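I opened this entry to note what I looked up in one structure.

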Amino acid sequence: MAHGDMSFFSRPSSSAVKISAPPSDEPASPKPSKKDSTQRQCRNILIYGHCKFQDKGCIYYHPSHDVPSPAPPDSPTPGAALPAQAVNAPVFVPKINPGSPTPAAAVPTSLQQQASTSSDSSSEQSSAQPPEQQLEQQAAPESDQYDPYNPYSYPSHGGETSDDGGHVSSINPYELPPGYDAATLDPFYTPSMTFHSQPLNYHLYTLPRPDSLSHRYFISDEVREELQMRSETIRAAPPAGLGLPEELQGYHSLVPLEPVGVERRKFGSWYSTLYRAVNSSDGATYVLRRVENFRLMHQAAFSGIETWSRLRHPNIVTIHEAFTTRAFNDSSLVVVYDDHPNAQTLYEAHIKAKPPQFQHGRLQAQPNRISERTLWSYIIQIANAIKAAHDAGLAMRLIDVTKILVTSKNRVRLGSCGIVDVLMYDVPTEISFLQQDDLTMFGALIIQLCNGNVSATSNIQKAVDVLSRNYSADLKSVVLFLISKPGSHKTVGQLFDMIGSRLLTELDESQNAVDRLEGELMTELENGRLVRLLCKFGFINERPEHNHETRWSETGDRYIVKLFRDYVFHQVDEIGRPVVNLTHVFTCLNKLDAGSDERLMLVSRDEQSCLVVSYREIKACVESAFSELTRG
């Protein structure tokens, strides 16, 4: 039988009768009327030939299987065996317990759409029915249309023909199709939802930032933590009760860099103390080395400080100035250096005993032996600094493990330069002899690092034997050259000839470090530009008034800026939760800063209007509004 011939047996969706739940004050099982007598044959038997609720509580009469049920007619012409009232009769649905979920709540969106499509096809088939049936369908109330959110309304059973001519229902609203997993297959299906209508999908929903793209938006955690710790160190407040001067030759907020109450360090024959202070002129922090009880006899002693202040080298801590003061209730010499927060000395990094740590389930002492690759890097950097000082006609005069700083990974800087020139100004010495002493002190420094002991130079032969067992012959040759007797052949240039190809290795590492830092800088490149954009948004959006216009920020170009602000920062997901996604924010602000021609749709908060604009047009609106503010 053709599909169109079965339209006579299809119950139109407009003729469905809503079955309401009984009120709470009435009995749960009212007495059936005479019309709904249990002796009345179930209409599902008349229409479909069977009733799927026969064993599930249907109260109507169901004939046994040996009693033949009326067969469907062979033609769509209505006959006496099946009147039109039987065709349009409602399908019985058993009562549902108040605590059980309603059938419509268990029907996913995909099945509801399929039911709507079936209803449309049924309407098309009704055009081929007799006029009497069309009038009956038109007379049905509109309230009987299928409502997917009404738990007492059900979709029309659009019929399909089987091979034997029987009628088969294509939709079962009480069970999900096989293999259907609502939690995974349908992202908008959530059994715990309580709202009846979905919010308008006018936002571009974005997902959290993928971990694989983290390097494109933020610097690495290691670099960020190191810089944050430096910033925290710089802004540390000075402890109270130390009796430090509030102001010292334009420097204030003095903070001691050495523990208070421990054994004081001596700088030659004088005690010295380190402080961090803030310069009043530029607001930057500097390190002040104070030499106590020093009496300056000649003002010309500061000439060496002026020469050092003009020397700028990456492996030398820069000197700025020196002065004497009585702010500490004595005559003190103060030399000002660059500040390198959280820097360690070579002694603290490689020689000082470290506390034991848990390894393999037990406490174990940490070895202090430095690797040869790191040692060669230190040698090249220190030799480079010595060469720069010697070429400028200066001498380091102090190369010690407690005066060389490790400011970052394998990066060393020679500190306390120039201060000996002031302290020993009254002792004239030939500069060539002082430069030879620099090389000797350099050799002693390498021996101390190789042996992990500052007293290793007291027995040179034993120290060299330890060095020979742990390091290469080239390193031993360099040490023996540096501690040899002074002579015209003993220069820092000759030292570089001995280092040889390791200079190229160090150069490669330096360039790789530059590339890494540039890569980290690229991730933060847009920060300044985005902050300027955000500042302009803050000046424009929600401004109470401008030029006596109370709605200035809500009209004209400013309204577009407001809608864009909502698009970037005030998005919500499909159930109304705020979307906090930095990737979306950065992408939109970068496109706005570049003035991209890409278009986007901005929707008003009342969802009554929308604007399709490009980032270039939004940028022009921002600039126009901000220019109006700056003009006053």
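**Salt bridges**

I searched the whole structure and found 15 salt bridges, a salt bridge being a side-chain nitrogen of Lys or Arg within 4 Å of a carboxyl oxygen of Asp or Glu. The model is predicted, so local features need pLDDT of at least 70 and side-chain atom pairs count only at pLDDT 80 or more, while totals for chains, interfaces and linings use all residues. Residues are numbered from 1 along each chain as its sequence is written, and side-chain values use heavy atoms, with hydrogens and water left out.

I looked up Arg290 next. The side chain of Arg290 meets that of Asp330 in a salt bridge at 3.1 Å, N to O. Arg290 lies in strand β7 (residues 285-291) and Asp330 in the loop between β8 (319-325) and β9 (332-338), so this pair ties together parts 40 residues apart in sequence. Helices (H or I, at least four residues) and strands (E, at least two) are DSSP runs, numbered from the N terminus. Arg290 is buried, with a relative accessible area of 8%, and Asp330 is buried at 11%. I take buried as under 20% relative accessible area, exposed as over 50% and partly exposed as in between (1.4 Å probe, protein chains only). Salt bridges that share partners join Arg290, Glu292 and Asp330 into one network. Within it, Glu292 and Arg290 meet at 3.8 Å, N to O; Glu292 is buried too.

I then checked a pair inside a helix. Arg230 forms a salt bridge with Glu226, with the closest N and O atoms 2.6 Å apart. The two are four residues apart in helix α6 (residues 221-234), which means that about one helical turn separates them. Arg230 is partly exposed, at 23% relative accessible area, and Glu226 is partly exposed at 30%.

**Helix α12**

Which residues of helix α12 (residues 460-470) are buried? I list Ala463, Val464, Val466 and Leu467. Seen down the axis of α12, these fall within an arc of 160°, so they line one face of the helix; the arc is that of the directions from the helix axis to the C-beta atoms. On the other side of α12, I find Gln461, Lys462 and Arg469 exposed. The cover over the buried residues of α12 includes α11 (431-451) and α13 (473-482), where contact means heavy atoms within 4.5 Å.

**Asn581**

I located Asn581 in the loop between α17 (557-569) and α18 (582-594). Asn581 counts as buried, at 7% relative accessibility. A polar atom of the Asn581 side chain lies 3.0 Å from the backbone nitrogen of Thr583.

Methods
Polar contact = N/O pair within 3.5 Å; in protein donor to acceptor, adjacent residues only side chain to side chain.
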